[in-house]
Amino acid sequence: MFATRINDRLSIAAQPSVADIERLGEAGFSALVNLRPEGEEGALGTRVEKDAAAEAGLPYIFLPLTLAGLTDADVDAFRAAVTVPGKGPVLAHCRTGHRALALYAIIEVLDGRMTRDQVLALGDRHGMDLTAVIAFLDRRAARRPQVKGFFDPRTWSVQYVVSDPETSKCAIIDPVLDYDEKSGQTAIGDHVVEVQALWKDIYNWPELRTDGSYWDHLFKPGEHFKLGSIDARVMFSPGHTLASITYVIGDAAFVHDTIFMPDSGASRAAR
């Protein structure tokens, strides 16, 4: 077999041929993950690979990426692709197998099953240089703040846990998933009272309080605050509603629905 077995769930490989892909089902694989961007030198192309995987009766997952531009979203997508419960092993490939092994190493470190110091030894065992993994982990650790997004399918929105690695203080922006409002404090932009005044009239809702008393604090435009040791400020940025604000926290900005993605949904965080 042309693939290298990493564990019971994952094997990695250099670029397979069409014939190799068509035999994957017979070899016991449950899915094929292609990490090569379209048009990369020597790549078969996603259409060719998808058709070959279909011939083998396998799901095909296209995650085009490079280590130089790797993001947390790329890592999360790879984790989801190779950890489907109850399925057989997955084959992930790139040009040489290097990107697939690097992603595996990053996930192992982030999930606590491998230490940073073990990464290079893993690469040595497979004849690959994983210094790019160390660089990614170091860049990630140096971010202030640390940001993790969680998608909630019920509301089709993303909430963000924003934390200061120095003090372990954190905030949740746009909380929707299993949030206990009694466990912390809420804050929102002070223009929300104007929006509520509109709602009170439009929806004939006489009991709606429009004095901001539903929240612990109303942020004024330009107001500064701290998330642990990280400086933060509030920008008034009316967009989806007249109350929309942007939180600038360290080197991250959370723009609410001020900026929308081209097709649908919202772009609520940016770096």
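The model described here is predicted. I202 belongs to helix α7, which covers residues 192–202, and it contributes to a nonpolar patch on the surface.

**Surface patch**

- The nonpolar patch is formed by L198, W199, I202, Y203, W205 and L242.
- Together, these residues expose about 670 Å² of accessible area.

- Strand β3, residues 31–34, pairs with β4 in the parallel sense over three bridges.
- Within that pairing, L32 has Y60 of β4 as its bridge partner.
- R79 is located in helix α3, which spans residues 72–82.
- Leaving aside residues up to four places away in sequence, R79 touches I107, L110 and D111.

**Three-stranded sheet**

- A further open sheet consists of three strands in the order β6-β7-β8, with antiparallel pairing.
- The edge strands here are β6 (146–152) and β8 (170–173), each pairing on one side only.
- On average, neighbouring strands of this sheet are turned by 20° against each other, direction ignored.
- Four bridges connect strand β7 (residues 157–163) with β8 in the antiparallel sense.
- Among the residues involved, S163 has C170 in β8 as its bridge partner.

- Strand β13 comprises residues 245–249 and is mostly covered, with five of its five residues buried.
- Cover extends to both faces of β13: I245, Y247 and I249 are buried on one side, and T246 and V248 are buried on the other.
- Strand β12 (residues 230–236) pairs with β13 in the antiparallel sense through five bridges.
- In that pairing, R233 stands opposite V248 of β13.
- β13 is also joined to strand β14 (residues 252–254) by three bridges, and these two strands run antiparallel.
- I249 has A252 in β14 as its bridge partner.
- β13 and β14 form a hairpin with two residues between them.
- In the turn of this hairpin, G250 has a positive phi of about 60°.

**Helix α6 and V133**

- Helix α6 spans residues 131–142 and contains V133.
- Not counting residues up to four places away in sequence, the contacts of V133 are with A102, A105, I106 and V119.
- Between V133 and M235 there are 36 Å in space, C-alpha to C-alpha, and the two are 102 residues apart in sequence.

Note on methods. Residues numbered from 1 in each chain as written. Predicted model: local features only at pLDDT ≥ 70, side-chain atom pairs only at ≥ 80, totals over all residues. Heavy atoms only, no water. Patch = residues over 30% accessible without salt bridge, like charges linked within 9 Å, V, L, I, M, F, W, Y side chains within 5 Å. Areas by Shrake-Rupley, 256 points an atom, 1.4 Å probe, with all protein chains shown as cover. Salt bridge = Lys/Arg side-chain N within 4 Å of Asp/Glu carboxyl O. Pairing = 2+ DSSP bridges. Axes fitted to C-alpha atoms, helices over the stretch in contact; angles between N-to-C directions. Contact = heavy atoms within 4.5 Å. Buried < 20%, exposed > 50% of the residue type's maximum accessible area, 1.4 Å probe, protein only.
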